[in-house]
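I opened my notebook for a quick tour of this fold. Here is what I looked up, in the order I went.

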Amino acid sequence: MNLLLYAKGSTRAGKRLESAIEALALELQPEIFTSDASLGSRLCRLPYYGNIAVLMAATQKELSELLNLKDRLKEIPIILILPDREARTVSMGHKLYPRFVSYADGDFMDVAAVLKKMVENMNSKYQWARKE
């Protein structure tokens, strides 16, 4: 299974998000991406199944850049963290068809809980693939 984390690590919100995910003590380490180019490159090399993406856009510009990857993200369950609650931002974010939406001003406990459940569901769904 692949856990893709897109966040600008130097931001406070990005650090809080990484900490919340690390606190889950999942069996997998997230692959951290700090640019849409590096994320896009990795998306081209992913297996067909067993992927989850946590995407945090710190600005509307970053969200627009993520929207350029929409076709590559369409088969991947997404947790999306938006920079604000403005109607335009929320509307843009929903174009990525996320499974869950949160906001950068939160504590990310909701994100961690949803991610944990998604990983558990993915593990049970693709259990046959790990028996090789």
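My entries start with the overall inventory and then turn to the sheet and its helices.

**Inventory.** I noted that this is a predicted model. I found six helices and five strands in the protein. Reading along the sequence, I wrote down the pattern β-α-β-α-β-α-α-β-α-β-α.

**Sheet.** I looked up the strand order next: the five strands form an open sheet, S2-S1-S3-S4-S5, with parallel pairing. Strand S2 (31-33) and strand S5 (100-103) are at the edges with a single partner strand each, so one side of each has no neighbour in the sheet. On average, neighbouring strands are turned by 15° against each other, direction ignored.

**One pair up close.** I checked S1 (residues 2-6) against S3 (residues 51-56) and found a parallel pairing over five bridges. Leu4 has Ala53 in S3 as its bridge partner.

**Helices on the sheet.** Helix H5 (residues 87-94) packs on the sheet and touches S4 (78-82) and S5. The direction of H5 makes about 160° with that of S4. Helix H6 (residues 109-125) also packs on the sheet, touching S1, S3, S4 and S5. For H6, I noted about 165° with the direction of S3.

**Overall dimensions.** How does the radius of gyration agree with that of a compact globule? A compact globule of 132 residues would come out near 14 Å, and the protein has 14 Å, so the two agree. The C-alpha trace spans about 45 × 30 × 25 Å along its principal axes.

Among contacts with a separation of 6 or more, 70% join residues 24 or more positions apart.

Terms used: Residues numbered from 1 in each chain as written. Predicted model: local features only at pLDDT ≥ 70, side-chain atom pairs only at ≥ 80, totals over all residues. Heavy atoms only, no water. Pairing = 2+ DSSP bridges. Helix = DSSP H or I, 4+ residues; strand = E, 2+ residues; numbered from the N terminus. Axes fitted to C-alpha atoms, helices over the stretch in contact; angles between N-to-C directions. Contact = heavy atoms within 4.5 Å. Rg over C-alpha atoms; globule rule 2.2 N^0.38 Å.
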